[in-house]
Amino acid sequence: MPRSVWLLVIGMFVNTVGNSFIWPLNTIYMHDHLGKSLSVAGLVLMANSAAGIVGNMLGGFLFDRIGGYRSVLTGILISLVALVGLVFYHGWPHYVWLLALLGFGGGIVFPSMYAMVGTAWPEGGRKAFNSIYLANNAGVAIGPALAGFVASYNIDYIFLANTVMYVLFLLIAAFAYRGFKIDPATHTSVIKEKRTIREKAPLYSLTIMLSGFFLTWLVYSQWTTTLSTHAIDLGISLGEYSLLWTINGALIVLGQPLIRPVIKRFEDRLKIQMFIGIVVFTSSFVVVGFAESFAMFVTSMVILTFGEMFVWPVIPTIANSLAPPGREGFYQGIVNSVSTGGRMIGPVVGGVLVDLHGIHVMLIILTSILSLAILTSLFYDVPLKREAARQAAAHRP
C-alpha cells in the first residue's frame, strides 16, 4: 500500500481504539452509574446516532468544499471539545449533550477518511476501502479490552483515555495528512444527487433489501445496550463484557480464511451469501437468549461475528451492482443512512421492551422480527426479475 494509505489506516485505528473506550459502556454507565432506565439510555443513544447522521452529511459536504484534511481536522476538534467536556462533566444532563456532540464530530470524520483513502489509492479499488475496514475492526479488537481494564479501576477514567487517544489522532492528522493531494471533485455526495430516478426496479429491490438491513442493525444494536446491562446483571464483569468485543474485532480480522471457501463458492451469488449471513446472524440471538454464563455469551458473539462477516460486506456490494451508472454515491449514501437509522432506533425499541416485558421477551420479539430479514434476502430481487420478464416480453416477436 502507498505510504499515504498506511497513514490513514493508522489514523483510523487510533480513532476506533479511542471511540471503543465509550461506546461499549454507554448503556452500562447510564443505567448503573447515572441511575437511568434502559428506555432513557436508548433515547440518549438515539440522539447520539441522529447527530452522527447530521455529521455524516456535513462531512461529505465539507470534503467537497474544503477537502479531506480540513474536514477531518474539523471533526476531530469538535470531538475533542465533547471529550474534554465529558472528562469534567459526565453527570446528568451534561452527558446527553456532550455525547450528541461527540456523535456529530465523529460523523464528520468517517466519510472524509473513506473519501481520502479512495483518492489516495484509486488503483487499489476495494483493497483501499478494505484496509480502512480492517483497521477499524483491529481497533474494535483492542479498544474494548483496554476500556474494560480502565473501567475496572474507575469507569470515569474512560473519558480521559478516549481524550488521550483523540489527541494522538489529532497529531497524526495535523502532521501526516497535510500534504495529501486529494481532489474532492472526484467524489460525490448524496446532497449533490439531484437527477430524477428513471429505473425504478433497482431502487425497489434496494428498498426491499435495506428493509432487512435495517432490521439487522436494529437487533444488532442490542449488544451494546440491553444485552450489555443483562450481562452485568448476570455477574459478568466489565472486563469480560469488553473482551466480547475484542473477540468480535479479532475474529473479523483473523477469521477471513475460514469463510473464504464459502465466499469463493458463492462468489457470484451474493444473494446466497446474504441469506447465509442473516440465518447465522439470527441464530446467535437464539443462543444469547439462553446465555447465563460468560462462555455462552462468547459462543453467541462468535456466531454473530461469522454472520456479520457475510452480511455487512455484501449489502454495499449489491447496492453498487444495483446502482445506475453515476449513481453509486447516492445508493451507498442510502445504505449508510439505513444502518445508522437502525443503530438509532434499536436502543430505544430494545430499552422500552426490556423495561415493559423483560430481557427474554425482548429477545423473542426482536429475533422474530429479525427473521423477516431472511425473507427480504430471498425476495429482494423480485422487482428485477419482473422488469427483466417485462423487457423480454416487449422484445418478443
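Begin by selecting Glu387, which is partly exposed, with a relative accessible area of 25%. Please keep in mind throughout that this is a predicted model.

Arg390 and Glu387 form a salt bridge, and their closest N and O atoms are 2.6 Å apart. Both residues belong to helix H16, where a spacing of 3 residues separates them by about one helical turn.

Now move to Asp381. This residue is buried, with a relative accessible area of 13%. Which residue forms a salt bridge with Asp381 at a closest N and O distance of 3.8 Å? Select Lys385 to see this partner of Asp381. Lys385 is itself exposed, its relative accessible area being 52%.

A salt bridge joins Lys271 and Asp381, with the closest N and O atoms 3.2 Å apart. This pair links distant parts of the chain, as the two residues lie 110 residues apart. Lys271 is in helix H12 (residues 270-288), while Asp381 is in the loop between helix H15 (359-379) and helix H16 (382-395). Lys271 is partly exposed, with a relative accessible area of 21%.

Finally, select Lys271, Asp381 and Lys385 together. These residues are linked in a network of salt bridges. How many salt bridges are counted when a side-chain nitrogen of Lys or Arg must lie within 4 Å of a carboxyl oxygen of Asp or Glu? The count comes to 3 salt bridges.

Conventions. Residues are numbered from 1 along each chain as its sequence is written. This is a predicted model: local features need pLDDT of at least 70, side-chain atom pairs count only at pLDDT 80 or more; totals for chains, interfaces and linings use all residues. Side-chain values use heavy atoms; hydrogens and water are left out. Helices (H or I, at least four residues) and strands (E, at least two) are DSSP runs, numbered from the N terminus. Buried means under 20% relative accessible area, exposed over 50%, partly exposed in between (1.4 Å probe, protein chains only).
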